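User: I would like to learn how to read the packing of helices and the nonpolar core in a protein model. Could you take me through the features one at a time?

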Amino acid sequence: MTQLKLRSLWQAGWQLFQQYPAELLGFSAVSLLIQTGLQGLPILGWLALPFFVGPLTLGLNWGIWQRLCDRDRPFSDFWIGFQHPFLFWQSFWAVTWISTIALICWSPWLIGAVGLWSWWEVNRSVAIAIGSISSALGLIGFVSFCYLMIGYQFTFLLIADRHLRAWPAMQRSLSTIRSQWLPAVVGMIVWTGVSSAIAIVTCCLGLVVILPLFYCCLAVAYQRLQTLEQPLDQHA
């Protein structure tokens with residue numbers, strides 16, 4: 001299997017970003033404002049968040065993908081997640097599934113922290129045992145979390161482009177990215193480090209730029225994987 005070249009993906013993604021800076025930055029800013037506003041609302045906002053995060057993420061992926069395939073596209077592409085019931089609900093379920101899996105992966109650390117706090121003054125031997133077991137399970141959960149979150153990166157593109165349901169799209173994405181595991185891991189580590197640094201330095205304002213740029217590179221990778229000797233369809 002031919003491996004994707006990260007430098008080439010970055011260059012192509014950057015060129016795509018430069019062609020549509022106003023659209024990408026505008027939608028990214030609006031999307032982040034909506035999500036930040038919902039997070040600021042008590043209870044109701046957090047309950048409503050999955051209904052917006054999924055369609056907004058799908059819209060950003062789809063808008064970029066359409067511009068990569070066809071240079072003359074309307075801005076409404078970015079709102080496709082709210083225009084079609086199938087895409088709306090599948091993107092919602094994708095966010096729900098991924099969030100649930102992430103919570104399960106991180107749950108040993110939470111259980112361990114509660115156990116230590118509850119048992120420390122009662123029986124320190126039990127507290128230490130709980131801490132040791134939860135740490136071991138937490139490490140497994142952390143590795144699983146990283147593996148799955150990297151593997152699910154194509155989920156929203158597959159829902160929009162192939163009209164797959166959420167769970168099959170997640171599985172297809174995972175099997176596809178496994179074939180390019182090394183560049184995927186290196187790319188995600190670099191992106192996480194850079195985006196975290198930019199978010200800290202700019203008080204999260206830099207995410208308006210770094211998020212659409214990341215998805216531009218992701219769209220390029222998605223396109224190139226379809227031209228390799230084993231296309232996406234052979235990874236079902």
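Analyst: Let us begin with a cut-off that the first step needs: angles between axes under 35 degrees count as roughly parallel, over 145 as roughly antiparallel, 65 to 115 as roughly perpendicular, and the rest as oblique. Please keep in mind throughout that this is a predicted model.

User: At what angle do H7 and H10 pack, and how far apart are their axes?

Analyst: Two packed helices are described by the angle between their axes and the distance between the axes. Here the angle between H7 and H10 is about 60°, and their axes are 11 Å apart, so the two helices are oblique to each other. Their crossing is right-handed. On the H7 side the contact involves Leu 157, Leu 158, Asp 161 and Arg 162, while H10 contributes Leu 218, Ala 219 and Tyr 222. Sorted by class, the contact of H7 with H10 has five nonpolar, no polar and two charged residues.

User: Are H9 and H10 roughly parallel or roughly antiparallel to each other?

Analyst: The axes of H9 and H10 cross at roughly 165° and come within 9 Å, and H9 and H10 are therefore roughly antiparallel. H9 also passes H10 in a right-handed crossing. Among the residues that make this contact are Trp 191 and Ile 198 of H9, together with Leu 211 and Phe 214 of H10. The contact of H9 with H10 divides into nine nonpolar residues, one polar and no charged.

User: Which residues touch the most other members of the largest nonpolar core?

Analyst: In soluble globular proteins, nonpolar side chains tend to be buried together. In this model the largest nonpolar core has 46 residues, and Leu 24, Leu 58, Ile 64, Trp 65 and Phe 154 are the ones that touch the most other members. Several helices each supply at least two residues of this core, including H1, H3 and H5, and H10 gives the most, with ten residues. Leaving aside residues up to four places away in sequence, Ile 64 touches Leu 16, Leu 24, Phe 78, Pro 212, Tyr 215, Cys 216 and Ala 219. A second, separate core of nine residues includes Ala 102, Leu 148, Met 149 and Met 170.

Definitions and conventions
Residues are numbered from 1 along each chain as its sequence is written. This is a predicted model: local features need pLDDT of at least 70, side-chain atom pairs count only at pLDDT 80 or more; totals for chains, interfaces and linings use all residues. Side-chain values use heavy atoms; hydrogens and water are left out. A nonpolar core is a set of buried Ala, Val, Leu, Ile, Met, Phe, Trp, Tyr and Cys residues joined through side-chain atoms within 4.5 Å. Buried means under 20% relative accessible area, exposed over 50%, partly exposed in between (1.4 Å probe, protein chains only). Helices (H or I, at least four residues) and strands (E, at least two) are DSSP runs, numbered from the N terminus. Contact means heavy atoms within 4.5 Å. Axes are lines fitted to C-alpha atoms, for helices over the stretch in contact, and angles run from 0 to 180 degrees between N-to-C directions. A crossing is left-handed if the near helix is turned anticlockwise from the far one by less than a right angle, and right-handed if clockwise. Ala, Val, Leu, Ile, Met, Phe, Trp, Tyr, Cys and Pro count as nonpolar, Asp, Glu, Lys and Arg as charged, and the others, Gly among them, as polar.
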